[in-house]
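Hello,

Here is the structure you are taking over. My notes on what was found in it follow below.

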Amino acid sequence: MSNFITNALLQSRNPLLTFRRFRGKINIQRPRQPHYERARVLEIIKPYYKKPEFNAPCIDAQQMKQSKTLDNPYETIIAREARNWFEHSKLVALLHVNSIRQEDMFKMQVALHRHNISVKVYGKSIMRKAVADTKFEAIMPLFEAKTAIIFSPEAQKIKQVLSVLRKSPQLILMGGIVEGRLLSRNEFMAYATMPDLTTVRAQFAAVLESAGGKIVADLQCHQSQLVNMLDAYAKNDSQTDKSRTVSVADEEIGS
């Protein structure tokens with residue numbers, strides 16, 4: 001009885017659904033005309049294209065020239081920020097960026113950030129606005145390809161920069177700016193081998209002191225020689241007098 005109730009009365013049946021297109025197959029070659037209201041809307045929003053002239057280029061040269069002359073406020077703000085980085089950084093390194101994973105790039109940025117060194121990447125148009133009519137305008141040819149810039153407020157961090165770049169072969173050092181002076185790659189690496197300013201000052205002070213001591217010694221050379229000669233002559237005379245006194249005493253004792 002329970003099986004009869006379960007199988008016959010309580011069993012649910014799912015309806016069978018069949019999807020069909022409205023009014024059969026759609027004719028693609030001769031489509032149905034839209035409703036009047038829809039046809040009005042389609043006519044209003046229909047795009048209008050200017051008929052191109054015969055043998056006209058794909059992009060109008062005049063429009064291209066106007067697009068280049070348009071001022072982009074956002075690029076102006078970023079260019080002002082880039083110029084501020086150049087003016088207030090004592091160490092700037094220019095790197096050519098080859099194919100590199102973003103994960104490796106992030107690790108390099110973190111390693112430099114630990115030494116208070118920042119890494120920036122700007123486009124060519126932004127750099128043109130940033131360095132135009134400045135002493136840094138000579139670096140513009142380096143931005144024909146993708147270029148990263150390293151900024152540091154201390155010029156002594158050059159050794160840390162080179163040590164981090166050795167672990168990232170995808171980044172190639174092209175040159176740099178140290179204390180406002182543009183350096184090539186070889187000059188940049190030679191600058192890293194030089195001692196710091198404090199050590200150089202101490203060495204220079206030692207050289208000046210040694211030169212002054214040598215001058216004083218040369219000026220006192222003749223006087224010192226004369227004193228030594230007189231001292232030796234006086235000692236020789238005193239020894240001669242003593243020997244004479246001893247000989248006279250011996251003669252008196254013998255007599």
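Just after helix α6, Asp 133 has a positive phi of about 60°. Helices here are DSSP runs of H or I with at least four residues and strands are runs of E with at least two, both numbered from the N terminus. This is a predicted model, in which local features need pLDDT of at least 70 and side-chain atom pairs count only at pLDDT 80 or more, while totals for chains, interfaces and linings use all residues. Residues are numbered from 1 along each chain as its sequence is written, and side-chain values use heavy atoms, with hydrogens and water left out.

Helix α6 itself covers residues 124-131, and its buried residues are Ile 126, Met 127, Ala 130 and Val 131. Buried means under 20% relative accessible area, exposed means over 50%, and partly exposed is in between (1.4 Å probe, protein chains only). Seen down the axis of α6, the buried residues fall within an arc of 110°, so they line one face of the helix. That arc is taken from the directions from the helix axis to the C-beta atoms. The buried residues of α6 pack against α4 (73-87) and β3 (147-152).

Strand β3 also pairs with β1: the two run antiparallel and are joined by six bridges. Strands count as paired if DSSP finds at least two bridges between them. In this pairing, Leu 94 is opposite Ile 149 in β3. β1 pairs with β4 (residues 171-178) too, in the antiparallel sense and over seven bridges. There, Val 92 is opposite Ile 177 in β4. Of the seven residues of β1 (residues 91-97), six are buried, so the strand is largely enclosed by the rest of the structure.

On the surface, Val 41, Leu 42, Ile 44 and Ile 45 make a nonpolar patch with about 410 Å² of accessible area together. Patches take residues with over 30% relative accessible area and no salt bridge, joining like charges within 9 Å and nonpolar side chains (Val, Leu, Ile, Met, Phe, Trp, Tyr) within 5 Å. A salt bridge is a side-chain nitrogen of Lys or Arg within 4 Å of a carboxyl oxygen of Asp or Glu. Accessible areas come from the Shrake-Rupley method with a 1.4 Å probe, and for residues only the protein chains shown count as cover. Ile 44 belongs to helix α2 (residues 36-44) and is exposed, with a relative accessible area of 70%.

For the whole protein, there are 10 helices and five strands. Buried residues make up 19% of its 255 residues.

Regards

Technical notes
Contact = heavy atoms within 4.5 Å.
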